[in-house]
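Trainee: Could we go through this model together? I would like to start with the helices and then look at some individual residues.

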Amino acid sequence: MKHHSTNKSIFIIFLLIPLAAGALSALFTGNMSGSYASFTKPSFAPPGILFPIIWTILYLLMGVSSYIVAQSDHPDKLLALRTYFIQLFFNFMWSILFFGLSNYLLAFFWLLLLILLIIIMIVRFYKTSPIAAYLQIPYLFWCIFAAILNFAVYLLN
């Protein structure tokens, strides 16, 4: 029974890692919803209230996905997890660049790098566990949408 509770604890840790990264980024950034409300946005910009909901779901999917990879016996799992943590750092830094520093253009290019890292991560996760890779697809699509929104905010502000 100890093995089962150990796996459960590890699972919870993997869920908490991306949630903590998002929370810390928000903490360092300050009033994101106030910033979001203050700048000129394109017509397709979603209401600010959706962002914490969507990001919580995406972070939970990241946690589940990374846990699946970590539990696999695949020889490339460490490379896949290294890529996961690198992209998580890029994710962490984006809101600091965008909201904290209001550097919309740098944040846009940073987001393009993040998207590239997410694609690499998905490919590496797929080799380890196709399900883990599929769980990352909403995150990829959301970041592509975020890049379009980011660039529009840059142009409008």
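Mentor: A definition comes first: the expected span of a helix is 1.5 Å times one less than its number of residues. Helices are DSSP runs (H or I, at least four residues; strands are E, at least two), numbered from the N terminus. The model is predicted, so local features need pLDDT of at least 70 and side-chain atom pairs count only at pLDDT 80 or more, while totals for chains, interfaces and linings use all residues. Residues are numbered from 1 along each chain as its sequence is written, and side-chain values use heavy atoms, with hydrogens and water left out.

Trainee: What span should helix α4 have, and what does it have?

Mentor: Helix α4 covers residues 77–100, and its 24 residues should span 34 Å at 1.5 Å a residue. The end C-alpha atoms of α4 are 34 Å apart, which agrees.

Trainee: How far do α3 and α7 reach?

Mentor: α3, with 22 residues, reaches 32 Å from its first C-alpha to its last, close to the expected 32 Å. α7 has 20 residues and reaches 29 Å, close to the 28 Å expected.

Trainee: Which residues does UniProt annotate as "transmembrane region"?

Mentor: The unreviewed UniProt entry gives 49–69, 81–101, 107–126 and 138–156. Positions follow the numbering used here, feature names are shortened, and annotations may be inferred rather than shown by experiment. In the model, residues 81–101 are 95% helix and 0% strand, with end C-alpha atoms 29 Å apart. Residues 138–156 are 100% helix and 0% strand, and there the end C-alpha atoms are 27 Å apart.

Trainee: At what angle do α3 and α7 pack?

Mentor: Helix α3 (residues 50–71) and helix α7 (residues 137–156) pack at about 140°, with their axes 10 Å apart. Axes are lines fitted to C-alpha atoms, for helices over the stretch in contact, and angles run from 0 to 180 degrees between N-to-C directions. The contact (heavy atoms within 4.5 Å) is made by F51, I54, W55, L58, L61 and M62 of α3 and P138, Y139, W142, C143 and L149 of α7. By class, this contact has 11 nonpolar, no polar and no charged residues. Nonpolar here covers Ala, Val, Leu, Ile, Met, Phe, Trp, Tyr, Cys and Pro; Asp, Glu, Lys and Arg count as charged, and the others, Gly among them, as polar.

Trainee: Which residues of α7 are buried, and what covers them?

Mentor: Buried means under 20% relative accessible area, exposed over 50%, and partly exposed in between (1.4 Å probe, protein chains only). The buried residues of α7 include Y139, W142, C143 and L149. Their cover includes α2, α3, α4 and α5 (104–128).

Trainee: Changing topic, is P46 buried or exposed?

Mentor: P46 is buried, with a relative accessible area of 12%. P46 lies in the loop between α2 and α3 and touches Y36, F51, W142, F145 and L149, not counting residues up to four places away in sequence.

Trainee: What phi does S102 take?

Mentor: S102 has a positive phi of about 55° although it is not a glycine. Most residues other than glycine have a negative phi. S102 sits in the loop between α4 and α5 and is partly exposed, with a relative accessible area of 42%.
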